[in-house]
Amino acid sequence: STSSQSHAFPVSLLSPAFSIRAAAMAMSGINVADECTEKYLELKSGTKKPYKWIAFHIVKQKEVGIHKLEERQDSHTSDNEEATWNALIGNLDDSECLWVVYDFSYTQQDGGKREKLLFLHWAPDTAPVKKKMLAASTKEALKTKFVGLHVIVEASERSDVEFKIIAAKVKASSK
């Protein structure tokens, strides 16, 4: 009966503590910094959402950190969502991979205001291959940590993130 035990997984691998740590670490071995989750939760919840969007990147090939965040302004409404989105996209670097969580506001046909959390994985064709590979293998860890995302967009060129395309994806997620 000892032979059947030799094939069993060690209990430590099955413990809740192990699975929590594993969920926080990407297949690439890159951890998601606690600050990233904290800021995401601030963006996502409550009536006083302080941020419109948060961009994340890999820091020193060791962990995901905050690249930049945009504080919510009174001007961030569904009426000028296109300008806000285009300003973000205009600042994307064509040689760097990153992820953005964006609180997308829009108006439905019946006039109702809605918000959806959009997750953008930006891996431009012109970025170095190693960076694209790290970003791709880290993306799932972020999506696991960021519970409540409504729309996932993967983009490799600017035409993938044109406002009309993104707005259509967000609105389609409501149906």
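Which residues is Phe56 in contact with, leaving aside its neighbours within four places in sequence? In this predicted model, the list is Cys36, Val64, Gly65, Ile66, His67, Leu98, Trp99, Val101 and Phe146.

Let me put Phe56 in its setting. The largest nonpolar core has 23 residues, and Phe56, Val64, Val101 and Phe146 are the ones that touch the most other members. Helices H4 and H6 and strands S2, S4 and S5 each supply at least two residues of this core. H6 gives the largest share, with four residues. There is also a second, separate core of 22 residues, and Leu92, Phe104, Val153 and Val161 are among its members. As background, nonpolar side chains in soluble globular proteins tend to be buried together.

Now strand S4, residues 98-107. Nine of its 10 residues are buried. S4 runs antiparallel to S2, residues 51-59, and four bridges join the two. In that pairing, Ile54 stands opposite Val101 of S4. S4 also pairs with S5, residues 113-122, again in the antiparallel sense, over 10 bridges. Here Phe104 stands opposite Lys116 in S5. Five residues lie between the strands of the S4 and S5 hairpin, and Gly111 there takes a positive phi near 90 degrees.

Last, the cysteines. Is Cys36 buried or exposed? Cys36 counts as buried because its relative accessibility is 0%. Cys97 has a relative accessible area of 9%, so Cys97 is buried too. A disulfide is a covalent bond between the sulfur atoms of two cysteines. How many disulfides does a search of the whole structure find? The search finds zero.

Terms used: Residues are numbered from 1 along each chain as its sequence is written. This is a predicted model: local features need pLDDT of at least 70, side-chain atom pairs count only at pLDDT 80 or more; totals for chains, interfaces and linings use all residues. Side-chain values use heavy atoms; hydrogens and water are left out. Buried means under 20% relative accessible area, exposed over 50%, partly exposed in between (1.4 Å probe, protein chains only). Two strands pair if DSSP finds at least two bridges between them. A disulfide is a pair of cysteine sulfur atoms within 2.5 Å. A nonpolar core is a set of buried Ala, Val, Leu, Ile, Met, Phe, Trp, Tyr and Cys residues joined through side-chain atoms within 4.5 Å. Contact means heavy atoms within 4.5 Å.
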